[in-house]
Amino acid sequence: MQGNVQTKSHRNGSRVRKLLTSNEAVAEAVKIAKPDVIAAYPITPQSPIVESLAKMIAKGELDATFVRVESEHSAMAVIHGAATAGARVFTATSSHGLAYMFEMCWWIAGSRLPAVMAVATRSIGAPWNIHGDHTDIVQLRDAGWIIGMAENAQEAFDMTLQAFCVSEEVNIPFAVGLDAFTMSHTAEVVEIWEPKIPPRRQAYKVLPSDNFAVNAVTMGKARMKARYDLAVDLENSAKVIEKTDKDFGNHGGLVESYRLDDADFAVVMMGGWCGDAKDAIDMLRQEGFKIGLLRIRFLRPFPKKAVKELGGEVLVVDKANSDLRGVLGIEVSSCGVEAKNVVAGIGGVDVGVDDFYRIFKDFMNGKLEMEWYL
């Protein structure tokens with residue numbers, strides 16, 4: 001690990017450049033946000049996040065309570081209870097860990113409690129596989145969470161900080177996705193800076209001394225109204241994300257548009273592999289092809305407006321499937337946009353610049369419809 005390098009600030013305070021993996025970048029951001037309670041169960045490849053946080057607490061660098069639990073379900077249950085009492089909370093998981101805590105993910109979203117969770121996106125078995133894809137985090141899209149997808153370690157750092165602010169503003173939990181291994185275990189230079197994170201706020205809190213209970217049996221229209229309100233507020237969280245983007249890295253809000261201004265062909269993707277896709281687009285641009293990328297930074301709230309505004313022919317490249325189609329492909333189609341769809345990279349199958357170059361060229365030459373890139 002290289003030494004830290006001090007640089008001049010253009011935000012608040014000084015900026016320090018460090019060589020960090022995305023896991024380490026998330027841990028640094030969490031330290032700055034000063035959570036009161038962290039609860040997590042180890043699982044590859046997210047474990048270095050909570051291991052780093054545990055070391056920070058042991059060294060006195062972070063004043064937080066770390067709750068060691070026997071499962072991911074318990075981790076989210078601890079987070080739910082602590083958040084109900086007004087604590088700023090954080091957890092991290094991946095793959096089967098997210099599947100195991102899935103029930104509590106619904107409880108914390110339905111309870112309208114702010115929380116932040118990092119998800120190092122990994123394949124879900126069977127068959128057993130520990131490598132990266134997006135099949136785990138897309139499970140959350142109906143649970144009522146904000147779901148961000150970072151492209152690199154800097155964005156993972158900035159998005160984690162933004163997550164605490166946005167989640168506590170709209171009372172909706174926020175998941176920060178980062179691709180397994182290609183991001184979680186790959187080091188990049190990250191500028192560490194310390195923005196002003198407002199004190200914890202939330203719509204309500206309940207203490208053990210309060211003569212009050214939450215989440216009683218809720219029947220009929222009251223239950224439906226609660227679900228409707230969550231859906232509306234999740235949709236409206238887009239405004240808060242867009243508004244605060246400039247304070248957390250200027251990454252583009254819900255989407256990043258890359259070389260789309262004059263594009264006849266548009267590719268839609270999300271996650272860490274978008275960097276390789278941009279390189280392939282640059283190669284094709286040099287050959288005269290007018291192609292660009294719409295990088296989805298938020299799966300929820302889904303950027304419908306940006307997708308609907310896409311011109312020309314559209315290709316969606318997915319790292320998770322529902323049926324034969326990719327999940328992102330279905331999301332884009334739901335906006336009324338006719339798109340070709342490729343499913344690739346599941347289980348960590350390597351898809352690099354040369355692969356994207358071939359896929360994109362076949363798409364522009366009319367040789368793609370629906371394809372699994374095996």
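Modeller: A residue is called buried under 20% relative accessible area, exposed over 50%, and partly exposed in between (1.4 Å probe, protein chains only). What you're looking at is a predicted model, where local features need pLDDT of at least 70 and side-chain atom pairs count only at pLDDT 80 or more, while totals for chains, interfaces and linings use all residues. Residues are numbered from 1 along each chain as its sequence is written, and side-chain values use heavy atoms, with hydrogens and water left out.

Most residues other than glycine have a negative phi, and most peptide bonds are trans. Now for the exceptions. Go to Arg 259: its phi is near 55 degrees, so a positive value in a residue that isn't glycine. Arg 259 sits in the loop between β10 (255–258) and β11 (265–269); such helices (H or I, at least four residues) and strands (E, at least two) are DSSP runs numbered from the N terminus. With a relative accessible area of 39%, Arg 259 is partly exposed. Now try Asn 215, which isn't a glycine either but has a positive phi of about 60 degrees. You'll find Asn 215 in the loop between β9 (187–192) and α7 (220–244), and at 39% relative accessibility Asn 215 counts as partly exposed.

Next come the cis peptide bonds. One joins Gly 125 and Ala 126, with omega about 5 degrees, and Ala 126 lies in the loop between β6 (116–121) and β7 (146–149). Another links Thr 44 to Pro 45, with omega about 10 degrees. Pro 45 is in the loop between β3 (37–40) and α2 (47–58).

The axes of α1 (residues 22–33) and α2 come within 8 Å and cross at roughly 40 degrees. Axes here are lines fitted to C-alpha atoms, for helices over the stretch in contact, with angles from 0 to 180 degrees between N-to-C directions. α1 and α2 are therefore oblique to each other (under 35 degrees is roughly parallel, over 145 roughly antiparallel, 65 to 115 roughly perpendicular, and the rest oblique). Residues making the contact (heavy atoms within 4.5 Å) include Val 26, Ala 27 and Val 30 of α1, plus Ile 49, Leu 53 and Met 56 of α2.
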